[in-house]
Amino acid sequence: MNKRSFLKRLAAAGLGAALPGIGHANDSLLTNELAAAPIHPGDDAWARIRKDYLLPSNFINLENGYYNIQPQPVLNGFIEHVKEVNLLGAYYMRTVQEDNKKKVAARLATLAGCNADELVITRNTTESLDMIIGGIHWKEGDEAVMALQDYGAMLEMFAQVAKRYGVVNRKVSLPNHPVNDEEIVQLYASALTPKTRLLMISHMVNITGQILPVQKICDMAHSKGVEVMVDGAHAFAHIQYRLPDLHCDYYGASLHKWLSTPLGAGILYVKKGKAENIWPLLAEGGTDLNDIVRLNHTGTHPVHTDLAINNAIDYYQQVGPAAKEERLRYLQNYWTSKLRDTPGILLNTPADPQRSCAIANVGVKGMPPAQLAADLMNRYHVYTVAIDYPEAKVQGCRITPNVFTTTAELDVLVKALQTMAAGK
């Protein structure tokens, strides 16, 4: 592509870069032997979607929570963006880079149901939430509340502000199998005091997949004058919701998880009127204190990733948010329902289908999580991740299927766990 033709495509796309259409990848791309696994009745549409992915031939990937790989149409679009930005170099960076990023962020805001001036693109959830934790104007003696089950990077940031500013951190422990929403709400309510400045909660607990009643928790905290920050790393483009409906003050998520963008993309939502209360991670001069863009200065970064978010949104909308959520919940319930009454099996995720979606955590009595993960991979070629948090009462392997996962693959997991639980 020469410079003149690319500039024409810039204008035509309206985003400063060509945005390839999201068509299906060539069927011949599916060359791995796992694709030959039988597709169960009713799975026809998902078998077609599976063909949009290049998958390894030597193991079943059930650890998609860390990084949801890109389907080929998104990956191909990303590669094109890399080529196009590289073609124009500094010209692109100095002319349309910032406008393009704002347009992509506005599209994400529409997807999230919030205003465009309440959301910016970051690199990941950790950056988004640590910016809030580290950016609050803390005073010695202020308190923050969180759960033992929350993500380690955020807990470490809270530990840092405790050392730096004299903040007191109060931790609760979430039950793996709550009786109802009120049990969770009251657990957090009991930890709040007149000194509490910030409550952090997970929308979907990363180690168990439990979905928390975010709106109810936020309403309770606000009634006590406490702001709420939500870790939505695993919820965005996984389950359906609108950010304003959650009633939270701050929300962070990673787009390379369930939206399946290239690595290094996330979002930060700051409720309108609250940006002025946060110090940015990197200083941004000459900007209105209430402009969320002042929290988004990251220097030179891989702008082609920002552009590829468009391709990922296109693909997500083609699959259908409701259909995706339904499929992911079905896959989790498919395998967990076969194991809940199995002697020796520990399921650390609620049985209520509305309290979880794709993610679940399973353990085998008497078997350390690391050994369980190793045996699943070495003996059965099933890749998972070990979760060993005894203080949080979560010990097992996190199982995270994706839209390309088949029930036949989950049958391999079920048989493996039944065999190990029987001591074989």
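Grid points are joined across faces, edges and corners, and a volume is the space filled by probe spheres set on the points.

The model is predicted: local features need pLDDT of at least 70, side-chain atom pairs count only at pLDDT 80 or more, and totals for chains, interfaces and linings use all residues. Residues are numbered from 1 along each chain as its sequence is written, and side-chain values use heavy atoms, with hydrogens and water left out.

**Cavities.** I searched the whole structure and found 5 cavities of 30 Å³ or more. Of its 14 lining residues, Tyr-53, Ser-260, Tyr-315, Tyr-316 and Lys-324 are the closest to the centre. Helix 11 gives the most to this lining, with 4 residues (helices are DSSP runs of H or I, at least four residues, numbered from the N terminus). The second largest cavity has a volume of about 70 Å³; Lys-101, His-301 and Asp-306 are among the residues that line it.

**Helix packing.** I then looked up helix 5 (residues 97–112) and helix 11 (residues 303–319), which pack at an angle of about 30°, with axes 9 Å apart. Axes are lines fitted to C-alpha atoms over the stretch in contact, and angles run from 0 to 180 degrees between N-to-C directions. The two helices are therefore roughly parallel (angles under 35 degrees). Their contact (heavy atoms within 4.5 Å) includes Lys-101 of helix 5 and Asp-306 and Tyr-316 of helix 11.

Note on methods: Angles under 35 degrees count as roughly parallel, over 145 as roughly antiparallel, 65 to 115 as roughly perpendicular and the rest as oblique. On a 1 Å grid over the protein atoms alone, a cavity is a set of points where a 1.4 Å probe fits but cannot get out, and a pocket is an open set with protein on both sides within 12 Å along at least five of seven lines; lining residues have an atom within 4 Å of a point.
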